[in-house]
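Visitor: I would like to learn how to read a structure like this. Could you walk me through some features, one by one?
Guide: Gladly; let us look at it together.

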Amino acid sequence: MTDDEKPRARLRADARRNQEQLLAAARDVVVERGIDAPLEEVARRAGVGIATLYRRFPDRSALLRAVVLDALERTSVAAEEALDGAADGFTALVRYLHAALDVRASAVIPLVLGRLDLEDPELGPARERTAALVQRLVEAAHADSTLAADVTFADVGTLLVRFARPLPGLPPDVDDRLAHRHLDLLVAGLRPVPGREPPRGPQLDRAALRALRPGEAPSDADRTA
């Protein structure tokens, strides 16, 4: 690398770091304070000025879109790593659940989607990719009989949504640790247990879950999942 190239490389690295910090801060602020939280708070938590935020994201919608795409990418990577690195299907699924909980995707995405265009050419495929990977995790755990047969893709997804939202009045670090503890306690009940009473309530697959969301019709992939 020449002397002229070094400053440019440092600038690119600084820009990437600023963007990562802004997305992480925005994700946390949205979860804790809602989608209309002040953008100045996002910049403050990211350790940058508000002008830096606006250089990267011209308005709130652009920031929220980037937060969702980043969260989906991170959960997709977590699912791929879980599929590649676990000894059995259940272990892979639990590894993914904990990684996804750290990303807080299941907390931020339901809050933000109402502000975004669901026909977005990047957003739709990113959601489908993540869903397909999680479906593979569930199917792998069913295939080796480490996951109860009556636990569905929709159960896994909605469990994460319930766990990802912070409890009121707790410091964020305490809430994070408790969320992982409670997830560990819950997933013990996902293993097959002879003679266990089936869970109450509807058993939803991907298509049924999407049909419950206003304005979303099942995709072809959902119909064949």
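Visitor: Where is serine 145 found?
Guide: This is a predicted model, and in it serine 145 sits in the loop between helix 7 and helix 8.

Visitor: Is serine 145 buried or exposed?
Guide: Exposed means over 50% relative accessible area. Serine 145 has 53% relative accessibility, so it counts as exposed.

Visitor: And what should I look for in the backbone there?
Guide: Look at phi. Most residues other than glycine have a negative phi. Serine 145, a residue other than glycine, has a positive phi near 60 degrees.

Visitor: What is the phi of arginine 104?
Guide: About 65 degrees, a positive value although arginine 104 is not a glycine. Arginine 104 lies in the loop between helix 5 and helix 6 (105–112).

Visitor: Is arginine 104 buried or exposed?
Guide: Buried means under 20% relative accessible area. Arginine 104 counts as buried because its relative accessibility is 9%.

Visitor: Which residues is arginine 104 in contact with, leaving aside neighbours within four places in sequence?
Guide: Arginine 104 is in contact with Arg27, Asp28, Val31, Glu32 and Pro166.

Visitor: Let us step back to the whole chain. How many helices and strands does the protein chain have?
Guide: Its secondary structure comes to eleven helices and zero strands. Written from the N terminus on, the elements run α-α-α-α-α-α-α-α-α-α-α.

Visitor: What percentage of the protein chain's residues count as buried?
Guide: Of its 225 residues, 41% count as buried. As for contacts in the chain with a separation of 6 or more, 70% of them are accounted for by residues 24 or more positions apart.

Visitor: How do I read the way two helices meet, say helix 4 and helix 5?
Guide: Start with the distance between the axes and the angle at which they cross. The axes of helix 4 (residues 60–85) and helix 5 come within 9 Å and cross at roughly 160 degrees. Angles over 145 degrees count as roughly antiparallel, and helix 4 and helix 5 are therefore roughly antiparallel to each other. Their crossing is right-handed. On the helix 4 side the contact is made by Ala71, Arg74, Thr75, Ala78, Ala79, Ala82 and Gly85, and on the helix 5 side by Ala92, Arg95, Tyr96, Ala99, Ala100 and Val103.

Visitor: At what angle do the axes of helix 5 and helix 7 cross?
Guide: They cross at roughly 145 degrees, and the axes of helix 5 and helix 7 (residues 123–143) come within 7 Å. This crossing is left-handed. Helix 5 contributes Gly89, Phe90, Ala92, Leu93 and Tyr96 to the contact, while helix 7 contributes Thr130, Val134, Leu137, Val138, Ala140 and Ala141.

Visitor: Which residues are buried in helix 8?
Guide: Phe153, Ala154, Val156, Leu159, Leu160, Phe163 and Ala164 are buried in helix 8. The buried residues of helix 8 pack against helix 5, helix 6, helix 7, helix 9 and helix 10 (206–211).

Visitor: What span should the 16 residues of helix 9 have?
Guide: At 1.5 Å a residue, helix 9 (residues 172–187) should span 22 Å, and its end C-alpha atoms are 22 Å apart, which agrees.

Visitor: Which residues of helix 9 are buried?
Guide: They are Asp175, Ala179, His180, Leu183 and Val187. Seen down the axis of helix 9, these buried residues fall within an arc of 135 degrees, so they line one face of the helix. Arg177, Arg181 and Leu185 are exposed on the other side of helix 9. The buried residues of helix 9 pack against helix 5 (89–103) and helix 8 (153–164).

Visitor: Could we finish with aspartate 175?
Guide: Of course. Aspartate 175 is in helix 9 and counts as buried because its relative accessibility is 6%. Not counting residues up to four places away in sequence, aspartate 175 touches Pro166, Leu167 and Leu170. From C-alpha to C-alpha, aspartate 175 and arginine 165 are 9.4 Å apart in space, and they are ten residues apart in sequence.

Conventions
Residues are numbered from 1 along each chain as its sequence is written. This is a predicted model: local features need pLDDT of at least 70, side-chain atom pairs count only at pLDDT 80 or more; totals for chains, interfaces and linings use all residues. Side-chain values use heavy atoms; hydrogens and water are left out. Helices (H or I, at least four residues) and strands (E, at least two) are DSSP runs, numbered from the N terminus. The expected span of a helix is 1.5 Å times one less than its number of residues. Buried means under 20% relative accessible area, exposed over 50%, partly exposed in between (1.4 Å probe, protein chains only). The arc is that of the directions from the helix axis to the C-beta atoms. Contact means heavy atoms within 4.5 Å. Axes are lines fitted to C-alpha atoms, for helices over the stretch in contact, and angles run from 0 to 180 degrees between N-to-C directions. Angles under 35 degrees count as roughly parallel, over 145 as roughly antiparallel, 65 to 115 as roughly perpendicular and the rest as oblique. A crossing is left-handed if the near helix is turned anticlockwise from the far one by less than a right angle, and right-handed if clockwise.
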